[in-house]
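Dear colleague,

Please find below the structure I promised to pass on to you. My notes on what was found follow directly after it.

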Amino acid sequence: MTRGDPDALADAYRRWAPLVHTLATRSLGDAKEAEDITQQVFLGVWRGRAGYRPERGPINAWVVGITRRKIVDALAARSRRTALVTAATAAAGTRVPRPADHPEAVLDRLLVLRALETLPHAQRRLLSLAFFDDLTQVQIAERTGLPLGTVKSHVRRGLHRLRGALEPEHGAPPATRGTHE
């Protein structure tokens, strides 16, 4: 493999990919992320093949070492994403549930927070009470002192604006969004 033989890489993959995937799955708790790590490891094996020194240990130990570094990198990236969501939440002044461990969920939360920032204060406040505090519209009306019809209107208009901000093809063009309310 150190000479660049693709067949040797294929052999190494067949031999050690199950081990790499198992280590990554157990460490990360996510099979899809473990698949990504497995691919990254064998890409690292291929790119770093000139650095392998048999006198320092067997090739499987070298592959496991690369796997450990890739797992540590993935965990560090996960921590950075969580810190980013926490900082964005604090900056937005909006309470949200603890971010999920999946990057897609973190990205979704950031997009929703950004879209919430575009809403008028009253709509943002009522939507936060409805979705983050899990209150019914009747409970929101009681807590805020607003008439139930006003709460319903604000929530409906806020949801419509959020949809327009998150899925622009369903809403008005950005220049006219929000001018009718």
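I begin with the contact between two helices. On the α1 side, the residues involved are P6, L9, A12, Y13, W16, A17, V20, H21, A24, T25 and L28, and they meet A31, E33, A34, E35, I37, T38, V41, F42, V45 and W46 of α2. Sorted by class, this contact of α1 with α2 comprises 16 nonpolar, 3 polar and 2 charged residues. Please note that the model is a predicted one.

As to geometry, helix α1 covers residues 6-28 and helix α2 covers residues 31-47. The two pack at an angle of about 140°, and their axes are 8 Å apart. Their crossing is right-handed.

Two residues of this contact deserve a separate word. The first topic is E33, which lies in helix α2. Is E33 buried or exposed? E33 is buried, because its relative accessible area is 12%, and the cut-off for buried is under 20%. Apart from neighbours within four places in sequence, E33 is in contact with L28, A74, R78 and R81. Of these partners, L28 also belongs to the α1 residues that meet α2.

The other residue is T25, which is found in helix α1. T25 has a relative accessibility of 25% and therefore counts as partly exposed; that class lies between the limits of 20% and 50%. When residues up to four places away in sequence are not counted, T25 touches D30, A31 and A34. Both A31 and A34 are among the α2 residues listed above for the contact with α1. The C-alpha atoms of T25 and T38 are 9.8 Å apart in space, and the two residues are 13 apart in sequence.

I turn next to the protein as a whole. There are 7 helices and 0 strands, so that the order of elements from the N terminus reads α-α-α-α-α-α-α. The protein has 181 residues, of which 28% are buried. Of the contacts between residues at least 6 apart in sequence, 51% join residues at least 24 apart. The protein exposes about 11,600 Å², with carbon and sulfur atoms supplying 54% of that area.

The crossing of α6 and α7 is right-handed. From α6, the contact draws on Q137, V138, I140, A141 and T144, and from α7 on L148, V151, K152 and V155. By class, the contact of α6 with α7 has 6 nonpolar, 2 polar and 1 charged residues.

Helix α7 also has a length that can be checked. Its 19 residues, at 1.5 Å a residue, should span 27 Å, and the C-alpha atoms at its ends are 27 Å apart, which agrees. Within α7, the buried residues are V151, H154, V155, G158, R161, L162 and G164. V151 and V155 are also among the α7 residues in contact with α6.

Lastly, V112 has its place in helix α4, which covers residues 103-117. V112 is partly exposed, because its relative accessible area is 31%. Although V112 and L166 are 54 residues apart along the chain, a distance of 7.5 Å separates their C-alpha atoms.

With kind regards

Note on methods: Residues are numbered from 1 along each chain as its sequence is written. This is a predicted model: local features need pLDDT of at least 70, side-chain atom pairs count only at pLDDT 80 or more; totals for chains, interfaces and linings use all residues. Side-chain values use heavy atoms; hydrogens and water are left out. Axes are lines fitted to C-alpha atoms, for helices over the stretch in contact, and angles run from 0 to 180 degrees between N-to-C directions. Helices (H or I, at least four residues) and strands (E, at least two) are DSSP runs, numbered from the N terminus. A crossing is left-handed if the near helix is turned anticlockwise from the far one by less than a right angle, and right-handed if clockwise. Contact means heavy atoms within 4.5 Å. Ala, Val, Leu, Ile, Met, Phe, Trp, Tyr, Cys and Pro count as nonpolar, Asp, Glu, Lys and Arg as charged, and the others, Gly among them, as polar. Buried means under 20% relative accessible area, exposed over 50%, partly exposed in between (1.4 Å probe, protein chains only). Accessible areas come from the Shrake-Rupley method with a 1.4 Å probe; for residues, only the protein chains shown count as cover. The expected span of a helix is 1.5 Å times one less than its number of residues.
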